[in-house]
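Please read the points below alongside the sequence and the model.

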Amino acid sequence: MSGSGAGVWVFRNGVMQLEQPAAASRKALLVYVPTNEVVRSVEALERRLGTLGWERYYENRTIVQLHKRDGGADLITIPRDFASLRSTHMYDVVVKNRDHFKVVDA
């Protein structure tokens, strides 16, 4: 048997099964802290980041990159398709804008 290693092995009706913890199936949400608004699109995220000094730097069919207008070296890369936004993208936004965004469980 192989598994991801995460979870709990249980016996049911004589069969051993790996049950995944509920936390593994939770969806993360990116929240704009000043208004407590859940960010639901790339456009909404770009608007919020624009007020914080970020602007579009590069884009192609799959990604959008933003950089600080003041010439800093930081880049934020997000997928153009918001449904593909993962917690790693969200935390990248949070780390670079600490007092303005947070990630919460749905």
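Glu59 is partly exposed at 38% relative accessibility, where partly exposed lies between buried (under 20% relative accessible area) and exposed (over 50%), with a 1.4 Å probe and protein chains only. The model is predicted: local features need pLDDT of at least 70, side-chain atom pairs count only at pLDDT 80 or more, and totals for chains, interfaces and linings use all residues. Residues are numbered from 1 along each chain as its sequence is written, and side-chain values use heavy atoms, leaving out hydrogens and water.

**Salt bridges of Glu59**
- Glu59 forms a salt bridge with Arg80 at 2.5 Å, N to O; the term requires a side-chain nitrogen of Lys or Arg within 4 Å of a carboxyl oxygen of Asp or Glu.
- This pair links distant parts of the chain, as Arg80 is in the loop between β7 and α2 (87-96) and Glu59 is in strand β5, 21 residues apart; helices (H or I, at least four residues) and strands (E, at least two) are DSSP runs numbered from the N terminus.
- Through shared partners, salt bridges join Glu46, Arg56, Glu59 and Arg80 into one network.
- Glu59 also meets Arg56 in a salt bridge at 2.6 Å, N to O.
- Arg56 is partly exposed at 32%, and Arg80 is partly exposed at 33%.

**The Arg69–Glu55 pair**
- The structure holds six salt bridges, and one of them joins the side chains of Arg69 and Glu55 at 3.6 Å, N to O.
- Arg69 lies in the loop between β6 (63-68) and β7 (75-79) and Glu55 in strand β5 (residues 54-59), so the pair ties together parts 14 residues apart in sequence.
- Arg69 is partly exposed at 48%, and Glu55 is partly exposed at 31%.
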